[in-house]
Amino acid sequence: MANEAKPCPCNLGDKFDYEGQGHEVSVEHIRAYLTKPPHHTDKAVIVIHDIFGWQLPNTRYMADMLASKGYIAIVPDFYKGQEPWKPSDDWARFDDWRKTRDSKDTNRETDVVLKYLKEQCNAKKIGVIGFCWGGAAVHHLMLRYSEFKAGVSVYGVIRFQEDNYNLRNPTFFIFGEKDEHIPLNQVAELEQNLKKQCKTDFEVKIYPGQTHGFVHRKREDINPEDRPCIEEARKDMLNWLNKYI
């Protein structure tokens, strides 16, 4: 069991060579990547990026995967045009960088994206998923927005989250057993607090042997030993959305 968290930022992992099936759109004051299934649907998912930003091919790959399963998926730029973190950046300035990119300062962008999905895409049933920084944002939003029928926090960095666990709607938390940025004692504490405060369905699941980023930053074709957990986590994520949206 890990006993202490290594400081974020995390490693980029396997950057996917992927151009995307969707297209970029303007949503009031921000840009977003939008992808849709081939048939009409009123189900949509907001996908919240990690510290590497909304243009990371890996995150767009996940959005397209959701579209292939019948969801409108949108990846907004929650950094509002500010630079995402780059692997070459100096870790010593990460905390200062993050102060202007707080995962709890996402309400305005969420409001305009919800409006866009409802008015421009005719979405009626909406969920939210997020990775790393975005997973922490999911925790924040599920405390405040009853519009989200389901949430999935994928290795949301617990130290970025607030000390409140009274979620409004069902939320699924995915963690890796060997995540250097999210120690298992923090995961255990999160689960205990959810059991005490959360009045809706939730699940906390730890995937054996997995490190930070395994769901969207590992290519299963070049990580065969991790492939079962990668595929299981993606299936679990989809099953959660399908169950509640």
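Colleague: How many bridges join strand β1 and strand β2, and in which sense do the strands pair?

Modeller: Helices (H or I, at least four residues) and strands (E, at least two) are DSSP runs, numbered from the N terminus. Two strands pair if DSSP finds at least two bridges between them. Here β1 (residues 23-27) and β2 (residues 30-35) pair in the antiparallel sense, over 5 bridges. His-23 stands opposite Leu-34 in β2. The hairpin of β1 and β2 has 2 residues between the strands, and Glu-28 takes a positive phi near 50 degrees there. This is a predicted model, in which local features need pLDDT of at least 70 and side-chain atom pairs count only at pLDDT 80 or more, while totals for chains, interfaces and linings use all residues. Residues are numbered from 1 along each chain as its sequence is written, and side-chain values use heavy atoms, with hydrogens and water left out.

Colleague: How many residues of helix α4 are buried?

Modeller: Buried means under 20% relative accessible area, exposed means over 50%, and partly exposed lies in between (1.4 Å probe, protein chains only). In helix α4 (residues 133-142), 10 of its 10 residues are buried. Among them are Trp-133, His-139, His-140 and Met-142.

Colleague: What covers the buried residues of α4?

Modeller: The cover includes strands β3 (43-48), β5 (125-131), β6 (148-154) and β7 (171-176). It also includes helices α3 (107-120) and α5 (184-197). Contact means heavy atoms within 4.5 Å.

Colleague: How many salt bridges does the count come to?

Modeller: Side chains of opposite charge can pair when their charged atoms come close. A salt bridge is a side-chain nitrogen of Lys or Arg within 4 Å of a carboxyl oxygen of Asp or Glu. By this rule there are 14 salt bridges. One of them joins Lys-80 and Asp-105, with the closest N and O atoms 3.6 Å apart. This pair links distant parts of the chain, 25 residues apart: Lys-80 is in the loop between β4 (72-76) and α2 (94-99), and Asp-105 is in the loop between α2 and α3. Lys-80 is partly exposed at 33% relative accessibility, and Asp-105 is partly exposed at 44%.

Colleague: Which residue forms a salt bridge with Asp-236?

Modeller: The partner is Lys-205, and the closest N and O atoms are 2.7 Å apart. Asp-236 is in helix α6 (residues 227-244) and Lys-205 in strand β8 (residues 202-207), 31 residues apart. Asp-236 counts as buried, at 17% relative accessibility. Salt bridges that share partners also join Glu-24, Arg-31 and Arg-60 into one network.

Colleague: How many aromatic pairs does the structure hold?

Modeller: Rings of Phe, Tyr and Trp (its six-membered ring) pair if their centres lie within 6.5 Å; planes under 30 degrees apart count as stacked, over 60 as edge-to-face and the rest as tilted. The structure holds 11 such pairs. Tyr-79 and Trp-97 form an edge-to-face pair, 5.5 Å centre to centre with 90 degrees between the planes. Both Tyr-79 and Trp-97 are buried. The rings of Phe-131 and Tyr-155 have planes at 50 degrees and centres 6.5 Å apart, so that pair is tilted.

Colleague: Which ring does the charged end of Lys-43 sit over?

Modeller: A charge sits over a ring if NZ of Lys or CZ of Arg is within 6 Å of the ring centre and within 35 degrees of the ring normal. The charged end of Lys-43 sits over the ring of Tyr-71, 4.7 Å from its centre. Arg-60 lies over the face of Trp-54, at 4.9 Å from the ring centre.
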